[in-house]
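Me: I am new to this structure. Please walk me through it, one feature at a time.

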Amino acid sequence: MLTLYDFKIDLPEKSISPGAMKVRMVLNYKNLPYKNVWIPYHEIQKRFTELGFGPNDLEPKPDGTFRYTVPILHDSSTNQVISDSLRIIHYLDETYPEAPRVIEPGTKLLAVTLEQTAVNTASAEKFRFTIETFFLEGTSIETFLADKKLEDAKWVQAEAGLTALDGFFKKAELATEAGQGDKLPFINGKNPSYPDFALGSLFVWMERGMRGADRERWERITSLNNGRWGALYEGLRPYLATH
Ligand SMILES: N[C@@H](CCC(=O)N[C@@H](CS)C(=O)NCC(=O)O)C(=O)O
C-alpha cells in the first residue's frame, strides 16, 4: 500500500501543498492506489520524527541543516520511505514500470531546471489566503497588503516570469514547427510529463489560494500568454482528485 503524507488544511479541496499535489496528480495519472495521511502543518517535524521519518535531505537550509517537509511517500510493499516530490516521482517511475513514465530517461536535469524557473516565478506572488494561513506572524500581511503598489509590483514580476517561460515554449514549438494540435496542453504534446505536473502543482496552489478578492488575479493567469497556463491546468484537471 502507498501512503501519501500531506498537511491538513481547512479547504473543500483538502490540499494546497504544491509538492504533495504534484505527487497526488502523478499517482492519479499512473492509476496507482494510495491513501492520504493528513498532518497539521505545525507538527510536520514532530510527527515525522515520531514515525522515524528523516528530513528532506535534497534541500539544505543556508546553515546546512534540513527541513522536514511534506510530501513523504511510504511504500509498504518495499518498506521504503521517500521524501521530496521529485525523488518520490522518480521512485514511482522505477518501481511501477507498468504505469506510464513521468520522467523520461535523460530528462531529469531539464525537468528540475524548468521547475525551478517556475518556482522562482511563483514565489514572487503572495496572496491573502496563504499569507493569512501561514505567514501571519509579525507584520508581513499589514506591510505587504496595505501597500497596493508593492503588491501590484510583485504581480507584474510574477506575470513577467510566466511570460518568459512562455517564450521558451514558443521557441520550442516554432523550432519543431508543431501544428496547433501538438501545441497544447502539455510540454510533450498529448501526455503529461514531470514539468507539466510541476507547473500544474503551482497552479493548484494558486487556484486554491486565490480566493475572494484575489480571484481576479487567478483568472488573469489562466488567460495570460494566449491561455497557455489555463489550458495546461485544464489538461491536468482529471488528475486533481484527492481520494
Ligand atoms: N521540494 C520539496 C518541497 C517541499 C516543501 O517545501 N513542502 C512544504 C509544504 S508545501 C513543507 O513541508 N514545509 C514545512 C516546513 O518548511 O517546515 C518537494 O517538492 O517535496
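Me: In what order do the four strands of the open sheet come?

Reply: A word on the source first. This is a predicted model: local features need pLDDT of at least 70, side-chain atom pairs count only at pLDDT 80 or more, and totals for chains, interfaces and linings use all residues. Residues are numbered from 1 along each chain as its sequence is written. Helices (H or I, at least four residues) and strands (E, at least two) are DSSP runs, numbered from the N terminus. Two strands pair if DSSP finds at least two bridges between them. Here the order is β2-β1-β3-β4, with mixed pairing. β2 (34-40) and β4 (80-83) are the edge strands, each pairing on one side only. From one strand to the next, the twist averages 25 degrees.

Me: In what sense do β1 and β2 pair, parallel or antiparallel?

Reply: Parallel: strand β1 (residues 2-8) and β2 share seven bridges. One to look for joins F7 to I39 in β2. β1 and β3 pair in the antiparallel sense, over four bridges. There, L2 stands opposite D75 in β3. β3 and β4 are also paired in the antiparallel sense, over four bridges. D75 has Q80 of β4 as its bridge partner.

Me: Which residue takes a positive phi in the hairpin of β3 and β4?

Reply: N79, with phi near 60 degrees; the hairpin has four residues between the strands. Look also at N225, where phi is near 50 degrees, a positive value in a residue other than glycine. N225 sits in helix α10 (residues 215-236).

Me: Which strands does helix α1 lie across?

Reply: Angles run from 0 to 180 degrees between N-to-C directions, and axes are lines fitted to C-alpha atoms, for helices over the stretch in contact. Helix α1 (residues 18-30) lies across β1, β2 and β3 (72-75), at about 145 degrees to β1.

Me: How do I read the packing of two helices?

Reply: Two packed helices are described by the angle between their axes and the distance between the axes. Take α1 and helix α3 (residues 85-95): the angle is about 15 degrees, and the axes are 9 Å apart. That makes α1 roughly parallel to α3. Angles under 35 degrees count as roughly parallel, over 145 as roughly antiparallel, 65 to 115 as roughly perpendicular and the rest as oblique.

Me: Which residues of α1 and α3 make the contact?

Reply: Contact requires C-beta atoms, placed from the backbone, within 7 Å. G19, K22, V23, V26 and K30 of α1 meet S85, I88, I89 and L92 of α3.

Me: At what angle do α4 and α9 pack?

Reply: Helix α4 (residues 108-122) and helix α9 (residues 194-209) pack at about 15 degrees, with axes 9 Å apart. They are therefore roughly parallel. Their crossing is right-handed.

Me: Which residues surround the ligand?

Reply: A residue counts as near if its C-beta atom, placed from the backbone, lies within 6 Å. S17, P18, G19, I44, E59, R67, T69, V70, P71, D84 and S85 surround the ligand. Look at V70 and P71: a cis peptide bond joins them, with omega about 5 degrees. P71 lies in the loop between α2 (44-51) and β3.

Terms used: A crossing is left-handed if the near helix is turned anticlockwise from the far one by less than a right angle, and right-handed if clockwise. Two residues are in contact if their C-beta atoms, placed from the backbone, lie within 7 Å.
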